[in-house]
Amino acid sequence: MLQVGDQAPDFELLDQRGESVRLSELLTKGPVVLFFYPAALSPGCTREACHFRDIVGEFAERGAAILGISADDVDKQKRFDDTHSLGYPLLADTDSTVARAYGLKRRIPGIPAKRGTFVIGADQRIVAAIHSELNMNIHADEALGALAH
């Protein structure tokens with residue numbers, strides 16, 4: 001998993017509306033919180049994504065954009081957003097290229113990527129790297145804390 005100070009790999013993926021999202025373009029507007037979740041609509045990922053949704057205003061106050069990302073396709077990401085009114089981009093990393101670049105791809109084929117969150121500064125450097133498979137709320141809470149510094 002990438003660590004604080006590492007250069008965040010740039011990428012371009014489709015969101016739940018089929019629109020292209022490029023990390024480097026978003027970073028021109030301020031920091032980005034990129035959270036990887038194993039599977040859209042699963043109980044743990046739903047808790048995590050809804051917690052980000054519930055405090056999205058606090059991220060906006062700090063000028064940060066939120067991006068969720070998993071190997072799910074655009075249609076499943078759309079169902080996830082429609083079901084829970086998440087309101088931020090959910091990116092389809094269907095071949096796990098981005099998960100691999102960020103060090104979250106598992107070695108066992110067919111197993112979803114690890115859960116991890118990165119706070120990325122406007123200079124494309126990682127400001128915080130959060131990893132917990134079981135504590136869903138820690139990702140949003142610690143990312144928000146990292147933006148306060």
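Biologist: At what angle do helix α2 (residues 43–54) and helix α6 (residues 137–147) pack?
Modeller: The model is predicted, so local features need pLDDT of at least 70 and side-chain atom pairs 80 or more, while totals for chains, interfaces and linings use all residues. Residues are numbered from 1 along each chain as its sequence is written, and side-chain values use heavy atoms, without hydrogens or water. Helices (DSSP H or I, at least four residues) and strands (E, at least two) are numbered from the N terminus, and axes are lines fitted to C-alpha atoms, for helices over the stretch in contact, with angles from 0 to 180 degrees between N-to-C directions. The axes of α2 and α6 are 8 Å apart, and the packing angle is about 30°.

Biologist: Which word describes how α2 and α6 run relative to each other?
Modeller: Angles under 35 degrees count as roughly parallel, over 145 as roughly antiparallel, 65 to 115 as roughly perpendicular and the rest as oblique. The angle of α2 with α6 is about 30°. The two helices are therefore roughly parallel.

Biologist: Which residues of α6 make the contact with α2?
Modeller: Contact means heavy atoms within 4.5 Å. From α2 come Arg 47, Glu 48, His 51 and Phe 52. On the side of α6 the contact is made by Asn 137, His 139, Ala 140 and Asp 141.

Biologist: Which residues of the largest nonpolar core touch the most other members?
Modeller: A nonpolar core is a set of buried Ala, Val, Leu, Ile, Met, Phe, Trp, Tyr and Cys residues joined through side-chain atoms within 4.5 Å; buried means under 20% relative accessible area, exposed over 50%, partly exposed in between (1.4 Å probe, protein chains only). The largest core has 24 residues, and β3, α2, β7 (126–130) and α6 each give two or more of them. α6 gives the most, with five. The members that touch the most others are Val 33, Phe 52, Phe 59 and Tyr 88.

Biologist: Is Tyr 37 buried or exposed?
Modeller: Tyr 37 lies in the loop between β3 and α2. Leaving aside neighbours within four places in sequence, its contacts include Cys 45, Phe 80 and Arg 115. At 1% relative accessibility, Tyr 37 counts as buried.

Biologist: Which side chain has a polar contact with that of Tyr 37?
Modeller: A polar contact is a pair of N or O atoms within 3.5 Å; within protein, one must be able to donate a hydrogen and the other to accept it, and residues adjacent in sequence count only if both atoms are side-chain atoms. For Tyr 37 the polar contact is 2.5 Å, and the partner is Gln 77.

Biologist: What is the relative accessibility of Leu 91?
Modeller: Leu 91 is in strand β5. Its contacts, apart from neighbours within four places in sequence, include Phe 11, Val 21 and Gln 77. Leu 91 counts as buried, at 0%.

Biologist: Where does Ser 96, with its positive phi, lie?
Modeller: Most residues other than glycine have a negative phi. Ser 96 has a phi of about 60° and is buried at 11% relative accessible area. Its place is the loop between β5 (90–92) and α5 (97–101).
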